[in-house]
Number of protein chains: 2
Amino acid sequence: MDDPALTSLAGRRCVVTGGLGFIGSNMVHALVAAGARVTVIDALVPQHGGHERNLAGVADDVHVVRADIGDTTAVPDAVRGAELVFNVAGQVSHHESMTDPLRDLDLNARSHLAFLEILRAHNPRATVVHTSTRQVYGRPRYLPVDEDHPTAPVDVNGIDKLAGEQFHLLYARVHGMPTCALRLTNVYGPRQSLLIDGLGFLPVFVRRAMAGQPLSVYGDGGQLRDCLHVDDVVRAMVLAAVTPEAVGEVFNLGHPDALSLLQIAHLTADAAGAGTQVATVPWPDALAAIDIGSFQGDYSKAKRMLGWEPAVGFRDGIARTLAYYREHPWYRSST
Amino acid sequence: MDDPALTSLAGRRCVVTGGLGFIGSNMVHALVAAGARVTVIDALVPQHGGHERNLAGVADDVHVVRADIGDTTAVPDAVRGAELVFNVAGQVSHHESMTDPLRDLDLNARSHLAFLEILRAHNPRATVVHTSTRQVYGRPRYLPVDEDHPTAPVDVNGIDKLAGEQFHLLYARVHGMPTCALRLTNVYGPRQSLLIDGLGFLPVFVRRAMAGQPLSVYGDGGQLRDCLHVDDVVRAMVLAAVTPEAVGEVFNLGHPDALSLLQIAHLTADAAGAGTQVATVPWPDALAAIDIGSFQGDYSKAKRMLGWEPAVGFRDGIARTLAYYREHPWYRSST
């Protein structure tokens with residue numbers, strides 16, 4: 001990625017929370033490549049996909065603070081002096097949010113509120129980009145879903161992520177802190193833990209397709225998803241951070257190609273080239289209760305205000321993703 | 001109150017959380033009068049308006065458990081066997097939610113999620129009525145505000161109360177628990193602490209009007225509010241609890257008479273008859289930042305599904321309220 005916005009970050013002090021995880025570590029690699037000075041705050045919560053190996057190749061250039069983002073002992077020093085904060089930390093499993101709801105609330109809402117309070121006390125001028133989720137909308141009333149669509153989350157994770165996001169926007173309005181939020185759709189790409197279920201269907205598809213195991217799609221597989229390559233997400237976060245007009249705003253990130261889950265499964269299987277079969281299976285009850293049907297995000301606000309649009313199509317992106325995991329086999333053999 | 005819905009609760013086991021507070025204690029008095037068997041769960045959080053004196057006259061008929069509603073030691077025994085749960089506990093100060101946001105999150109969201117988890121484990125068939133707030137809507141886009149109006153809270157309290165409410169509705173949808181929620185507007189009446197600022201403008205108006213002190217209205221005083229007498233709120237809660245169709249639903253409670261803050265101040269001053277003056281003053285910055293402008297709730301859904309509408313007008317209700325505080329002077333002299 002050779003983006004002018006990114007290269008403008010050379011020498012600047014950045015914090016990436018959740019920087020040992022999937023999206024966070026890709027952010028770190030991009031920032032280090034651009035010459036930024038990077039501090040990572042990550043609690044390495046088990047089963048959330050974070051791992052020090054995600055920083056392989058850049059670890060010597062990054063200062064890692066192993067702490068929850070709400071930790072008032074470790075975090076003030078880590079954020080003091082930072083110009084840009086990419087706040088990616090969070091619990092992503094919808095299913096786990098239903099089995100351990102208090103933990104999800106703590107990780108996705110309470111810690112973020114505590115983090116904002118730390119920033120307010122120690123570095124209120126830092127620009128903060130929070131990664132929220134399309135899950136805040138719940139079951140769409142119309143497609144594509146724009147930012148004015150009512151929020152009506154269908155699971156604990158969605159409720160907690162919405163609260164975490166709203167705290168960020170509130171701190172812009174009320175405390176004048178330069179914060180904004182991006183509502184992400186399904187993200188795929190390198191450095192995602194493939195062996196932990198509950199991180200979404202994409203890593204499961206990738207893992208099974210590469211192993212030649214059949215892919216299961218729930219129901220008729222007709223639900224649409226607008227999958228995003230993580231490089232496009234990283235670029236959106238950088239653009240949001242360097243755009244003054246973004247302060248206090250929330251932006252959808254989406255993709256113009258809405259594909260059915262069945263199409264996504266077939267494209268992944270084809271790209272893997274391992275003879276993988278795709279089958280539809282009935283919905284498990286626990287997941288049917290929190291399913292949202294089809295989704296496609298309207299990202300015209302991000303296009304207009306940030307100059308962002310996705311550059312990677314799924315066919316190309318999934319091929320690059322599989323190539324990465326072929327070169328880095330431990331993602332498929334170890335959590 | 002001699003309502004058939006209320007008399008139908010004779011002999012039934014009820015839990016009132018926050019039952020030592022303003023709305024909760026009025027609920028308790030009504031339930032005891034109807035012959036229900038009442039357990040109160042209340043943490044008596046300082047400065048939140050709860051006091052054992054609110055149960056004067058019925059204390060011998062009520063079992064009081066002094067605990068946070070999320071307390072896994074004390075609460076399981078308190079809720080086991082209950083048929084109806086009126087979940088009124090909460091932190092109500094918008095201003096305090098901005099100065100101590102983590103505490104507000106704990107009291108309005110985290111404790112409620114923990115309470116629902118306790119109910120799910122120990123009494124998932126209990127009917128639960130949660131008291132939410134119009135604050136979840138934020139600054140209205142149109143009036144009157146119906147339940148489809150987008151939620152966009154303007155302060156930490158609103159974000160947290162929304163999360164707490166959404167957890168209740170989610171537990172109905174996903175776990176099949178018979179829960180529902182009522183979004184309350186400004187409530188006044190007996191047994192409200194008058195000496196604690198931050199519980200809303202009404203108790204401040206009542207206290208000052210009775211003392212002959214001038215009433216201050218921010219800005220031009222033109223913002224509309226549809227104030228509800230607590231008796232109307234209690235009746236709505238009972239109706240929601242005994243209406244099977246209410247499960248999983250959220251209902252606005254509102255009043256057809258939307259009055260300006262200036263009118264409310266003048267009516268209160270006139271009713272007090274102490275020569276109280278009313279003046280408009282500039283908005284304090286901290287409050288202006290989280291003000292929502294005019295509000296009136298559309299309660300037609302509650303009318304249609306619960307058979308509820310308010311019975312008490314402000315002029316009559318505030319006169320009765322002042323009469324109560326004349327007879328119970330400690331509310332004006334001691335917190």
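V16(A) is the bridge partner of F86(A) in β4(A). Strand β1 (residues 13-17) of chain A pairs with β4(A) in the parallel sense over four bridges; pairing takes at least two DSSP bridges between two strands. β4(A) is also joined to strand β5 (residues 127-133) of chain A by four bridges, and these two run parallel. There, N87(A) stands opposite H130(A) of β5(A).

Strand β4 (residues 84-87) of chain A is covered on both faces. L84(A) and F86(A) are buried on one side, V85(A) and N87(A) on the other. Buried means that 20 or more other C-beta atoms, placed from the backbone, lie within 10 Å of the residue's own.

## About the model

This is a predicted model: local features need pLDDT of at least 70, side-chain atom pairs count only at pLDDT 80 or more, and totals for chains, interfaces and linings use all residues. Residues are numbered from 1 along each chain as its sequence is written, while chains are lettered from A and ligands numbered from 1 in the order in which they are written.

## Where chain A meets chain B

The contact takes 23 residues from chain A and 23 residues from chain B. Contact here means C-beta atoms, placed from the backbone, within 7 Å. On the side of chain A that touches chain B, α5 (101-122) and α6 (156-175) of chain A are the elements that give two or more residues.

## Helices α5(A) and α6(A)

The axes of α5(A) and α6(A) come within 8 Å and cross at roughly 10 degrees. The two helices are therefore roughly parallel to each other (angles under 35 degrees).

Notes. Two residues are in contact if their C-beta atoms, placed from the backbone, lie within 7 Å. Axes are lines fitted to C-alpha atoms, for helices over the stretch in contact, and angles run from 0 to 180 degrees between N-to-C directions. Angles under 35 degrees count as roughly parallel, over 145 as roughly antiparallel, 65 to 115 as roughly perpendicular and the rest as oblique. A residue is buried if 20 or more other C-beta atoms lie within 10 Å of its own, exposed if 12 or fewer, and partly exposed in between; C-beta atoms are placed from the backbone.
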